[in-house]
Amino acid sequence: MKTLKIFIAVLAISINIAHAQFTKAELQVSGLTCSMCAKATEKSLHTLDFIADIKPDLNRNVFVITFKKGAIISLDQISKKVQSAGFSVNNLKATFNFDNVKVANNYFTYGGDTYRLMNGTSAPVTGSVALTVVDKGFAPASVIKKYSAAAPDNVKTGRVYHIAI
């Protein structure tokens with residue numbers, strides 16, 4: 001009976017963790033001049049195993065990306081794929097589900113990475129929230145400069161993403 005209770009507790013925890021994830025993203029790419037450029041970028045992004053679907057919007061040079069449910073997302077891999085196609089990320093806005101995620105001192109972790117809310121709020125963050133990555137390689141220089149004056153990170157290991165709500 002004790003084993004059954006432990007199994008149920010572990011199962012409940014793993015189900016709750018599965019709710020904490022990136023669900024979709026809006027990726028604006030710089031340098032696209034034609035539909036062939038967009039197709040090359042889309043093809044490069046489709047090689048990432050955590051992407052379920054990509055819908056290009058050529059009028060705004062934006063790709064709306066849907067992520068596979070339960071997959072761990074790597075924002076760096078998205079940026080690298082865009083760069084390998086010969087372009088650069090101008091803006092990455094990703095929707096993250098904060099259900100069952102603890103935000104402490106404007107930091108939270110996901111998939112082994114740390115995320116810092118640069119314009120954090122004292123109110124608890126819950127549900128699906130659009131987050132904009134404000135790091136080099138994900139945002140224009142003016143946006144990076146705006147957030148770079150903040151205090152240095154107090155995280156000693158792993159990748160730290162700087163994000164704004």
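Five salt bridges turn up when the whole structure, a predicted model, is searched. Side chains of opposite charge can pair when their charged atoms come close.

| Pair | N to O distance |
|---|---|
| E26 and R60 | 3.6 Å |
| D53 and K55 | 2.9 Å |
| R159 and D76 | 2.9 Å |

Let's start with E26 and R60, which form a salt bridge. E26 sits in strand 1, while R60 is in the loop between strand 2 and strand 3, so this pair ties together parts that are 34 residues apart in sequence. E26 is partly exposed, at 33% relative accessibility, and R60 is partly exposed too, at 41%.

Now look at R159 and D76, another salt bridge. R159 belongs to the loop between helix 4 (141–148) and strand 8 (160–164), and D76 to helix 3 (residues 75–84), so the two tie together parts 83 residues apart in sequence. R159 has a relative accessible area of 26%, which makes it partly exposed; D76 is partly exposed as well, at 24%. Salt bridges with shared partners also link E26, D57 and R60 into one network.

How many strands form it, and in what order? Eight strands make an open sheet with mixed pairing, and they line up as 2-3-1-4-7-8-6-5. Strand 2 and strand 5 stand at the edges with a single partner strand each, so one side of each has no neighbour in the sheet. On average, neighbouring strands are turned by 30° against each other, ignoring direction.

Zoom in on strand 1 (residues 21–30): it runs antiparallel to strand 3, and five bridges join the two. Helix 2 (residues 35–46) lies across strand 1, strand 2 and strand 3, and it runs at about 170° to strand 2.

N61 isn't a glycine, yet its phi is positive, about 55°. You'll find N61 in the loop between strand 2 (51–57) and strand 3 (62–67), and it is partly exposed at 23% relative accessible area. N100, also not a glycine, has a positive phi near 65°; its loop runs between strand 4 (88–97) and strand 5 (107–110).

Finally, the inside. The largest nonpolar core has 38 residues, and F22, L27, L75 and F108 have the most contacts inside it. Leaving aside residues up to four places away in sequence, F108 touches a set of residues including F96, F98, Y115, L131 and I163.

Technical notes
Residues are numbered from 1 along each chain as its sequence is written. This is a predicted model: local features need pLDDT of at least 70, side-chain atom pairs count only at pLDDT 80 or more; totals for chains, interfaces and linings use all residues. Side-chain values use heavy atoms; hydrogens and water are left out. A nonpolar core is a set of buried Ala, Val, Leu, Ile, Met, Phe, Trp, Tyr and Cys residues joined through side-chain atoms within 4.5 Å. Buried means under 20% relative accessible area, exposed over 50%, partly exposed in between (1.4 Å probe, protein chains only). Contact means heavy atoms within 4.5 Å. Helices (H or I, at least four residues) and strands (E, at least two) are DSSP runs, numbered from the N terminus. Two strands pair if DSSP finds at least two bridges between them. Axes are lines fitted to C-alpha atoms, for helices over the stretch in contact, and angles run from 0 to 180 degrees between N-to-C directions. A salt bridge is a side-chain nitrogen of Lys or Arg within 4 Å of a carboxyl oxygen of Asp or Glu.
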